[in-house]
2 protein chains.
Amino acid sequence: MSALVCRTTAARFPPNEPIWRSPAGGLLDIDFEPRFDRVAIERRPATLWRYREAIPIDRDDAIVTFGEGLTPIVPAELGGRRIWIKQEGLFPTGSYKDRGATVLISQARRLGVRRVVEDSSGNAGAAIAAYCARAGIACDIYVPASNSRSKLAQIELYGAALHPIPGSREDTAAAVWQAAQEHYYASHSWNPFFFHGTKTFAFEIVEQLGWRAPDAVVIPTGNGTLLIGAWIGFREMRQAGVIDRLPKLYAVQAAHCAPLALSPQESSQFRPKATIAEGIAIAAPVRVEQCRQAVAETGGRIVTVSESQIIAALRETLRAGFYCEPTCAAAVAALPQVDAGGEIVVPLTGHGLKAGETLMKLLL
Amino acid sequence: MSALVCRTTAARFPPNEPIWRSPAGGLLDIDFEPRFDRVAIERRPATLWRYREAIPIDRDDAIVTFGEGLTPIVPAELGGRRIWIKQEGLFPTGSYKDRGATVLISQARRLGVRRVVEDSSGNAGAAIAAYCARAGIACDIYVPASNSRSKLAQIELYGAALHPIPGSREDTAAAVWQAAQEHYYASHSWNPFFFHGTKTFAFEIVEQLGWRAPDAVVIPTGNGTLLIGAWIGFREMRQAGVIDRLPKLYAVQAAHCAPLALSPQESSQFRPKATIAEGIAIAAPVRVEQCRQAVAETGGRIVTVSESQIIAALRETLRAGFYCEPTCAAAVAALPQVDAGGEIVVPLTGHGLKAGETLMKLLL
């Protein structure tokens, strides 16, 4: 029987409690035993829901889906390495965040939730808004009032209600926490169901490589939404005997904003600078300890890259035909620092069409 | 043995002649007998190349691919109808044109072509540029000099050489025809290999519906790149005995630019007006006769929709969670005029992220 588990106190709660953190204020994980039936999986449609028995939603009629997932993986030569590129921008809303949203909003429907709240002006906000539109669930997205309208257009066009909050990013966080007292918090950093969606990234890699784990996966990391998801997914597959080892997980941060790479002493002095890798510009990730564990347990590393390295990698990636957001290029830029041999997978986490103006300014 | 066949004279040419029209100036088709082995197809990766024996490229090592295709198909209720939505924006470059580009640029590589020319400032231009980038083939894209830079950014960022031509759209056409004397013309309206890529749209629908044909497919139509492709694909599957009937094909045009709907007398008076369905604003489609045949032979219809109908359908489609270009909404707007019952498929042909600014202006 699955359960929600507090990471701080180890207290357990029924899986269908409508909570997003524990009463003690701790982060929640989901204790859940997935099953993988290769023959059944391979017969199903090409969506991430083919791993049905490995996704902790206990009623089929709750599933909210656009038929997303099983994104293409192809070989490419980038950064001087022969690698696998997984095109995680090829989702309905244009980023891998749809993995998290399809599972989290399915759980919201399972719970009978009528309204969710979220704070993201970027890819997570668009993903939550789209899946709420499909589910018929009302959606309030809290964003800093300083955000430009064009960045928010996609969220608004799905029909979500935007709440621009004056002041700092912290003021926006305070506003959504207030709203989350009354409504379900569809958070891509707090809510554990989001990570049980992003974990399907790992399942797909293993299946697409012929039911084998790669040697390394190199992941742009801000909140760790994909890093932690990948870690959960590969661990679940190892536990189930589908693979016999974990790939090394490399967490890539922009040197301008690299809290994972800091010692406790350095953290107190830490002043992030702006980076073109906007999607991973997170100064204080909620699940920082899990990010560090994912890297340490798998024998990977935390890698930082400079702005000029990101720009050079971005140009190379686009000219190889992969149209992606600047954030994705951080992973390509990190390849010279990846000490693993063998098969390396790099996700391109968001579509370049999300960032047309920025790409033009940087490269044309 | 397959052959290139002139539609005007019925003259036949070897399949690997580097020609894009017949010496008599006629349009070319490909005479080719596809094979479909369902068991083999279902075992292959989820890309359009799973229909390998139905695609007229005679060497595997020529294939240029990003692992594209098998786009998701899901039920939705739009325009008062229960329909299937096929999300054709979920391609590497953001539109279904990648179907044509993967096959056409594979043929270019098969021919040993080092440089191609094309005239499209829109989705076809982006698709050809991306596949050329992956193939290492040089790419010249001719565009009217009046086009905005932002519209062309994606093409340029892939590394294609842009050739802005002063004057009218006809001046651009003259320039690319001149260039096509020396280089292979990767045209999405003339080159028949493009249509033997877009035909995979039909193959996927049939497989995804359980190896059955739907009752109708409703397709936004300008040059007819998808309409004609679908017609070829369904016919090939019927001929091979995979399906036993053709779906009705509905060609949807904006009332402001609907040459297919005109009688010969009306055509002489025809003055197109601007439409928000930019992708189908083609005043003089090269393959107009094939478009009319596709509709007539299948028992479908040519349907026109007004600008206000397109805008209303666009709003409804976005609010259902499907982020698409305005052009796609023409098909949704046409649904009240579709007299077929049963299963209706509507492709959303391009991703909304391609048209963020336009969507904002129209709807926010």
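**Two chains in a predicted model: a working chat**

Modeller: Ile219(A) is a buried residue, with a relative accessible area of 0%, and since this is a predicted model, that value, like the others here, is computed from the modelled atoms.

Biologist: Where does Ile219(A) sit, and which residues is it in contact with?

Modeller: Ile219(A) belongs to strand E10 of chain A, which covers residues 216-220. Once its neighbours within four places in sequence are set aside, its contacts are Phe201(A), Leu226(A), Leu227(A), Ala230(A), Tyr250(A), Ala251(A), Val252(A) and Pro347(A).

Biologist: Stepping back, what is chain A built from, and how does its radius of gyration look for its length?

Modeller: Chain A has 13 helices and 13 strands. Along the principal axes, the C-alpha atoms occupy a box of roughly 50 × 50 × 40 Å.

Biologist: What share of chain A is buried, and what share of its surface belongs to carbon and sulfur?

Modeller: Of the 364 residues in chain A, 61% are buried, and carbon and sulfur atoms account for 48% of an accessible surface of about 13400 Å². If we take the contacts between residues at least 6 apart in sequence, 69% of them join residues at least 24 apart.

Biologist: And the charges, how far apart are the mean positions of positive and negative?

Modeller: They are 1 Å apart in chain A, taking 38 positive and 36 negative charges.

Biologist: Changing topic to the interface, how many residues take part, and what area is buried between chain A and chain B?

Modeller: Each side is counted separately, with 40 residues from chain A and 40 residues from chain B. The area buried between the two chains is about 3400 Å², and carbon and sulfur atoms give 65% of it.

Biologist: Which residues in chain A lose the most area to chain B?

Modeller: Those are Leu157(A), Leu353(A) and Leu364(A), which together make up 21% of what the chain A side buries.

Biologist: Which residue other than glycine has a positive phi in chain A?

Modeller: Leu70(A) is one of them, with phi near 50 degrees, and its place is the loop between helix H1 (38-43) and strand E4 (73-78) of chain A. Its relative accessibility is 13%, and because buried means under 20%, Leu70(A) counts as buried.

Biologist: What about Ala10(B), buried or exposed?

Modeller: Ala10(B) counts as exposed, at 51% relative accessibility. It also has a positive phi, about 65 degrees, although it is not a glycine, and it lies in the loop between strand E1 (3-6) and strand E2 (12-13) of chain B.

Biologist: Staying in chain B, which residues is Phe91(B) in contact with?

Modeller: Apart from neighbours within four places in sequence, Phe91(B) is in contact with Leu90(A) and His351(A) from chain A, and with Leu48(B), Glu68(B), Gly69(B), Thr71(B), Tyr96(B), Asp98(B) and Arg99(B) from chain B. Phe91(B) is placed in the loop between strand E5 (81-87) and helix H2 (97-110) of chain B, and at 0% relative accessibility it counts as buried.

Note on methods. Residues numbered from 1 in each chain as written. Chains lettered and ligands numbered in written order. Predicted model: local features only at pLDDT ≥ 70, side-chain atom pairs only at ≥ 80, totals over all residues. Heavy atoms only, no water. Helix = DSSP H or I, 4+ residues; strand = E, 2+ residues; numbered from the N terminus. Buried < 20%, exposed > 50% of the residue type's maximum accessible area, 1.4 Å probe, protein only. Contact = heavy atoms within 4.5 Å. Areas by Shrake-Rupley, 256 points an atom, 1.4 Å probe, with all protein chains shown as cover. Lys, Arg positive; Asp, Glu negative; His and termini not counted. Charge placed at Lys NZ, Arg CZ, Asp CG, Glu CD. Buried area = accessible area lost by both parts, 1.4 Å probe.
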